[in-house]
Amino acid sequence: MASHRKSRPVGTRVAGIRTPALATAALTSVALLSQSANAAPADDKPSLEEVEKKVDDLYRQAESATDNYNAAKEKTATQRKQVDTLLDDVARRTEKLNEAREELGSFAAAQYRTGAAAPDTATFLLADTPQDYFDQTQLMGRLTNRQKGAVDDYVSEQSATMKKRQEASQSLQTLTETQSDLKTAKATVQQKLADAREMLSELTAQEKARLAALEKQKQEAAARKAAELAQQQAAAEKAAQEATAPQESTSTATDSSYATKAAKALAFVRAQIGKPYVWGATGPDSYDCSGLTQAAWKAAGVDLPRVTYDQVNAGTTVSLADAQPGDLVFFYDDISHVGLYIGNGMMIHAPKPGAYVREESIYYDGESAIHSVVRPA
């Protein structure tokens with residue numbers, strides 16, 4: 001009969017411990033497994049550059065969602081006014097309808113009291129004099145005509161009131177849908193910001209310091225790019241002045257008019273530096289990006305739409321090389337950010353949540369981020 005006992009491992013045990021050769025091998029194996037286990041998360045962890053890009057993307061998505069929120073909020077306010085107007089109109093028409101109904105009731109009562117809709121031969125025979133008959137005939141004729149007019153007015157008012165009630169009902173439904181869009185946009189903004197904060201909170205102090213260093217390098221590169229643009233614009237302006245010096249043109253007057261308005265917008269926006277970015281805010285204590293540019297140009301007497309993707313169509317598009325102080329500089333393919341150009345490749349803008357209104361290079365996120373430049377007045 002074959003033995004089922006397992007063969008003893010090579011080496012002997014002392015108090016449950018294998019020989020050093022096997023123990024070393026086992027420890028090496030455990031160490032390798034431990035290293036593998038530790039290595040997997042390390043490989044999955046994003047680099048600081050990836051974290052920076054992800055956070056920036058989240059802020060951009062939040063800003064885009066903010067524009068959707070602003071648009072829905074503005075639309076909600078407009079629709080609420082329309083609904084209130086319609087409801088007031090319905091109330092007035094209902095009151096008139098009740099008055100018309102009461103008038104019809106009074107006619108019916110008058111007919112009841114006279115006993116007939118119009119005088120007949122019996123009425124003539126019962127009349128004391130021919131004049132009495134004539135007076136009754138005139139009275140009932142007028143009563144019948146007035147009653148007919150009252151009925152027509154009642155039917156017309158009833159139809160108009162029903163139509164207004166339907167319009168009010170439809171407007172209320174549209175308002176409810178817009179309010180739902182507003183709620184969704186608000187939730188999206190909050191979620192994107194929460195995701196960004198969570199990513200930043202997971203960084204170590206050392207990683208945060210390195211991230212700050214990367215941001216500084218980025219800003220320095222943007223400043224150099226702005227200086228290059230400033231030199232190019234200065235050279236182009238000098239060449240233009242030399243070419244047109246002997247001539248007078250209407251464009252000079254136009255430029256002067258724009259410069260006057262732009263100066264007011266710039267004075268306003270400079271006074272806002274240091275105020276916090278708050279999504280959906282239009283001042284005076286905080287702003288989002290389009291809220292700031294809208295308020296700046298309002299100070300110059302120019303009304304801009306509320307959101308970036310409407311502001312980009314509220315003026316004349318110009319090349320970046322021809323940008324003048326006061327122009328609006330838009331960013332990204334979805335036109336989710338805007339700043340006010342102040343010259344020399346610089347702008348003042350409300351950057352993102354957690355930041356403050358500040359002066360910064362228009363190349364703050366790279367040249368490819370610039371979408372277009374628009375002159376609003």
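Among contacts in the protein chain between residues at least 6 apart in sequence, 69% link residues at least 24 apart. The model is predicted. Its protein chain holds eight helices and six strands. One cavity of 30 Å³ or more turns up.

**Fold and surface**
- From the N terminus, the order of elements in the protein chain is α-α-α-α-α-α-α-α-β-β-β-β-β-β.
- The protein chain has 377 residues, and 32% of them are buried.

**Lys 54**
- Lys 54 sits in helix 2, which spans residues 48-114.
- Is Lys 54 buried, partly exposed or exposed? Lys 54 counts as partly exposed because its relative accessibility is 40%, and that class lies between the cut-offs of 20% and 50%.
- Asp 195 is 141 residues from Lys 54 along the chain, yet their C-alpha atoms are 9.7 Å apart.

**The largest cavity**
- The largest cavity has a volume of about 210 Å³.
- Its lining comprises 13 residues. Closest to the centre are Asp 56, Tyr 332, Pro 351, Lys 352 and Tyr 364.
- Helix 2 and helix 5 (205-244) are the elements that each supply two or more lining residues.
- Helix 2 gives the largest share of the lining, with four residues.

Notes:
Residues are numbered from 1 along each chain as its sequence is written. This is a predicted model: local features need pLDDT of at least 70, side-chain atom pairs count only at pLDDT 80 or more; totals for chains, interfaces and linings use all residues. Side-chain values use heavy atoms; hydrogens and water are left out. Buried means under 20% relative accessible area, exposed over 50%, partly exposed in between (1.4 Å probe, protein chains only). Contact means heavy atoms within 4.5 Å. On a 1 Å grid over the protein atoms alone, a cavity is a set of points where a 1.4 Å probe fits but cannot get out, and a pocket is an open set with protein on both sides within 12 Å along at least five of seven lines; lining residues have an atom within 4 Å of a point. Grid points are joined across faces, edges and corners, and a volume is the space filled by probe spheres set on the points.
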